[in-house]
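Here's a quick tour of a two-chain model. Have the sequence and the 3D view open as you read.

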Amino acid sequence: MAKSVTLEVVTPSKLFYKGEIELVIVRTLMGDEGFMANHAWACKLLDTGELWIKEAGQKEYKIAAIAGGYIDVKDDIIIFTDAAEWPYEIDLDRAKSEKERAEEWLRVRTPENTDNLEVAKAKLAIAKSLNRMQVKGGGSIQRK
Amino acid sequence: MGANNMRDIKRRIKSITSTEHITNAMKLVSSAKLRKAKRTFEKTREYFHYVTESIEEIFNNTSEVPEQYLEGNREIKTTAYIIITSCRGLCGSFNINVIKEAQKEIDKDWEEPVIIAVGTKGKEYFERRGYKIQSEYISPPENISFVETHDISKPIIDMYDSGQIDEVVLIYTSFVSGIEQRVRTVTLLPFSIERDPEIEPLGKQVEYEPSAAAVFNYLVPKYVEIMIYGAIVESATCEHAARRIAMENATDNARDMLDNLTLYYNRARQAAITNELSEIVGGAEALKG
């Protein structure tokens with residue numbers, strides 16, 4: 001069995017997860033990256049994406065949706081994110097309707113959505129809903 | 001006099017009793033809300049330090065920290081004030097304390113301030129006095145989520161980045177205990193930090209990705225967001241605590257008044273009875289004679 005390390009996933013309003021893990025996979029700005037015990041110290045920014053956790057002694061991965069943030073790898077691993085959800089917390093219909101709304105909004109060109117900030121916001125909303133839908137469905141790829 | 005006076009007193013007793021019912025109910029509601037708010041507040045407090053620690057760590061470990069968020073990188077002309085008040089009244093001096101402090105800070109400033117009002121009370125006050133309100137956020141703070149505070153913090157950070165404002169000051173009420181709240185003024189940006197020679201540089205090399213500067217530039221606005229979120233949560237806690245105290249005092253006062261009024265009422269009734277008795281006795285005496 002591989003060595004284990006403590007992982008904490010923190011959001012501004014709560015401690016989302018804390019436990020001993022073997023491997024955690026997150027989506028950094030450069031792409032998916034896995035961290036295990038004794039990883040070189042790092043501090044990396046994260047993109048909206050899936051969070052995969054392989055707990056110590058467990059075969060299956062746990063999956064969650066996170067909305068950006070950063071990972072701080074020292075002797076322990078800390079992930080700080082704006083929002084995190086387990087699959088059972090995700091409302092699929094809501095994610096779908098949110099995505100549709102944002103897409104609709106982007107399609108209909110009005111003077112106000114030439115505003116870059118708003119466009120970026122809508123795109124982010126789409127990315128987040130897509131991510132939620134994927135996590136609900138068990139993730140975008142199979143990990144065994 | 002008797003009957004008239006008694007009716008007046010009775011009417012007042014009735015009205016004060018109903019006021020007492022209301023304040024007492026509000027007190028109970030506030031205590032319940034306070035408990036809930038306090039729980040959220042304590043949780044936020046717990047994770048606050050991660051971000052500040054990471055900022056300090058990067059700052060102390062790399063030489064290539066971008067200057068734009070640091071103290072002393074530019075002259076401070078325009079200051080943005082984020083003033084956090086409540087949306088409802090009946091909470092004692094809670095709002096007026098914040099407003100007074102904010103007014104004091106603004107008066108010290110030569111330039112025209114940029115005001116961001118969270119909560120209607122502060123907004124109304126500064127609007128009446130002719131200040132321009134840059135942005136406002138007025139839905140009740142107790143169930144605000146972190147993502148919602150983005151709407152407040154994002155424009156502030158953008159304005160800072162584009163140079164429209166040079167300083168961001170946050171004025172809110174901090175929670176000391178259930179009976180004591182204090183107004184606090186915190187300067188969020190520029191970020192004041194000093195290279196502490198006492199802190200040993202970390203023993204190992206840290207990989208920053210995409211780069212130390214990028215991580216730093218991500219963390220500082222995040223810090224602003226978290227501080228604003230934290231301040232709103234804390235203010236909400238204080239609001240409930242302040243309202244609970246105010247309502248408790250109001251209930252106590254109402255009960256005191258009721259006691260006094262009941263005493264007067266009984267006295268007036270007794271006086272009326274005595275009066276009637278002496279009239280009857282006087283009448284009987286007169287008949288006898």
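## A parallel pair in chain B

B:Ala117 sits across from B:Glu136 in strand 3 of chain B. That strand (residues 133-137) pairs in parallel with strand 2 (residues 114-118) of chain B over four bridges. Strands here are DSSP runs of E with at least two residues, helices are runs of H or I with at least four, and both are numbered from the N terminus; two strands pair if DSSP finds at least two bridges between them.

Between the two, the chain passes through helix 3 (residues 120-128) of chain B, giving a right-handed β-α-β crossover. Right-handed means that, with the strands pointing away from you, the path from the first strand over the helix to the second goes clockwise.

## What you're looking at

This is a predicted model: local features need pLDDT of at least 70, side-chain atom pairs count only at pLDDT 80 or more, and totals for chains, interfaces and linings use all residues. Residues are numbered from 1 along each chain as its sequence is written, with chains lettered from A and ligands numbered from 1 in the order written.

## Where A meets B

Chain A puts 20 residues into the contact and chain B 21 residues, counting residues whose C-beta atoms, placed from the backbone, lie within 7 Å. On the chain A side, strand 4 of chain A gives the largest share, four residues.

Strand 4 of chain A also runs parallel to strand 6 (residues 207-209) of chain B, joined by three bridges. A:Lys44 has B:Glu209 as its bridge partner there.

## Domains of chain B

Chain B splits into domain 1 (2-25 + 247-288) and domain 2 (31-244), with bounds from an automatic or database domain assignment. Their C-alpha centres are 54 Å apart.

Definitions and conventions
Contact = placed C-beta atoms within 7 Å.
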